[in-house]
Amino acid sequence: MGFFDLFTQKIGIDLGTSNTLVYVSNKGIIVNEPSVVAVNNGSNEVCAVGENAKAMLDRTPKTISAIRPLQNGVIADFEITRAMIKYFINKALNKKRFIKSNVVICVPVGVTSIERRAVEEVALDSGARKVKLVEEPMAAAIGAGLPVDEPVGNMIIDIGGGTTEIAIISLGGIVESDSLRIAGDDMDVNIKDYIKLKYKMEIGLVTAEKIKMILGNASKEYYLEKNLAKNFKETDSDGESIKSKNDYIKETEIRGRDIVSGLPLHMTVTSDEIRESIMETVNSIVNAIKRVLERTPPELSADIYANGIYLTGGGALLKGLDIYIEKETGLKVYIAESPLQCVALGAGKICEDM
Ligand code: ADP
Ligand code: MG
C-alpha cells in the first residue's frame, strides 16, 4: 500500500431509482436510504435527503417538493442528483472531506453515453478521484455470488423501482441483455389505478407501495402451505421466523379519499385483487425474460437450464414471483440472498479489487 492510498477510500455506489446504497471498503454497506430529495421550491435549497425526504413524499406543503431525481434508472435532475450523491458520500465517509475516493458506481445496461457521462460527472463533482462505471446486472450477479468469470452462462434479473435489468453473463461479460423501464414503481401505479377504478377511491403512491409489500403477489400458489413453509425456513437465533408476517396476510384495510364525496374512506382489499392489478406489469417483465432467453446462444442456454435464474432487486421480494417465472419459463428460479443489497455488494467487491 502506497502513502497516498492511506488517504484514498474505495467506495461502491448503487445509485438506484428507489434506494441508494453506499459500500465503503473494509466496512461494508454504510448507507442504505431512499433516493429522494426534498427541495424548497422558492430558494431551491435542499431541506432533506434520503429517509427524511421519503417521509415527505406526497405529504409536502406547497413550499416543498419531495423529488426522486432518478427516474427509470437515469438522472432526471442533474443538480439534485449531485446534491444527493454528495450527501450520501459524505455520510458514508463520515464527512472526512479530505479523503479522496475511488468510486465504483452502477448504471443500467441501457443507458446512453450521455447518461453515463452525467453519472461520471456527478461522482467526480461529489469528490471522487477516479470513477469506474459498472453495469448493474454485472454488479448484481457478483453480489449474488454467481461465478461470473467462469465460462458458464449465468442469468440474472434485477427488478428495481424504475428499471428491470435482465442479463446473461459469461466469462466476465454480458452476452445478452435487456433493460426495461418497467419495474416496481409501475406495480404501485397499477394498484393505485385499480383501486380508483374499482372502488372510486384515491390513494397515494406511498400507500400503493405499502399495499404491494403486504399483499402484492404474482401467483396464487404462493399461499399454499408448502410454499409458505419453504419461505419460512429461515429463522433467527431465537428460532423465530425472520420472514415477515405479511407472508400469511391475505387482505388488508386501506385508507384513501372517496373520489365522489371527497371524504376520507377505508375499505378492505385482498391479495387476489392486488395480484390481478399488477399482472400486466409482471407479464411485461416475464415476456422480456423470454425474449432474452430466445436470443441466448445454445451452450449458454444449456447452462441456464442446469443452473437456473437468479432474482435480485426489491422486485425479487414480490411474493410468488419466482413461482410464476418458473411456471412461465420452465426454468428453476432462485431469489438471491439479500436481494436489495446485491448491486451494492457487487459494486463493493469490484471496488475492493480495484
Ligand atoms: P432500485 O434499484 O431501483 O433503487 P430496489 O432494488 O431498491 O430498486 O427495489 C425497490 C423496488 O422494490 C420498489 O419498487 C419497492 O416497492 C420494491 N419492493 C421492495 N420490497 C418489496 C416487497 N416485499 N414486495 C414487492 N416489492 C418490493
Ligand atoms: Mg437497483
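Biologist: How far is a backbone N or O atom of Gly 315 from an oxygen atom of ligand 1?

Modeller: This is a predicted model. In it, the distance for Gly 315 is 3.5 Å. For a backbone N or O atom of Gly 314, the distance to a ligand 1 oxygen is 2.9 Å.

Biologist: Which polar side-chain atom lies 2.7 Å from an oxygen atom of ligand 1?

Modeller: One belonging to Asn 19.

Biologist: And how much of the accessible area of ligand 1 does the protein cover?

Modeller: It covers 91% of the 580 Å² that ligand 1 has on its own.

Biologist: Which residues come nearest to ligand 1?

Modeller: Thr 17, Ser 18, Asn 19, Glu 209 and Lys 212, out of 18 around it. By type, the shell has eleven polar, four nonpolar and three charged residues.

Biologist: Which helices supply at least two residues of that shell?

Modeller: H5, spanning 184-199, and H6, spanning 205-215. The largest share, three residues, comes from H6.

Biologist: Switching to the fold. How many helices and strands are there?

Modeller: Eleven helices and 18 strands. The radius of gyration is 21 Å, close to the 20 Å from the globule rule for 354 residues, so the protein is as compact as a globular protein of that length.

Biologist: What share of the residues is buried?

Modeller: 49% of the 354 count as buried.

Key
Residues numbered from 1 in each chain as written. Chains lettered and ligands numbered in written order. Predicted model: local features only at pLDDT ≥ 70, side-chain atom pairs only at ≥ 80, totals over all residues. Heavy atoms only, no water. Near = heavy atom within 4 Å. Polar contact = N/O pair within 3.5 Å; in protein donor to acceptor, adjacent residues only side chain to side chain. Areas by Shrake-Rupley, 256 points an atom, 1.4 Å probe, with all protein chains shown as cover. Helix = DSSP H or I, 4+ residues; strand = E, 2+ residues; numbered from the N terminus. Nonpolar A, V, L, I, M, F, W, Y, C, P; charged D, E, K, R; others polar. Rg over C-alpha atoms; globule rule 2.2 N^0.38 Å. Buried < 20%, exposed > 50% of the residue type's maximum accessible area, 1.4 Å probe, protein only.
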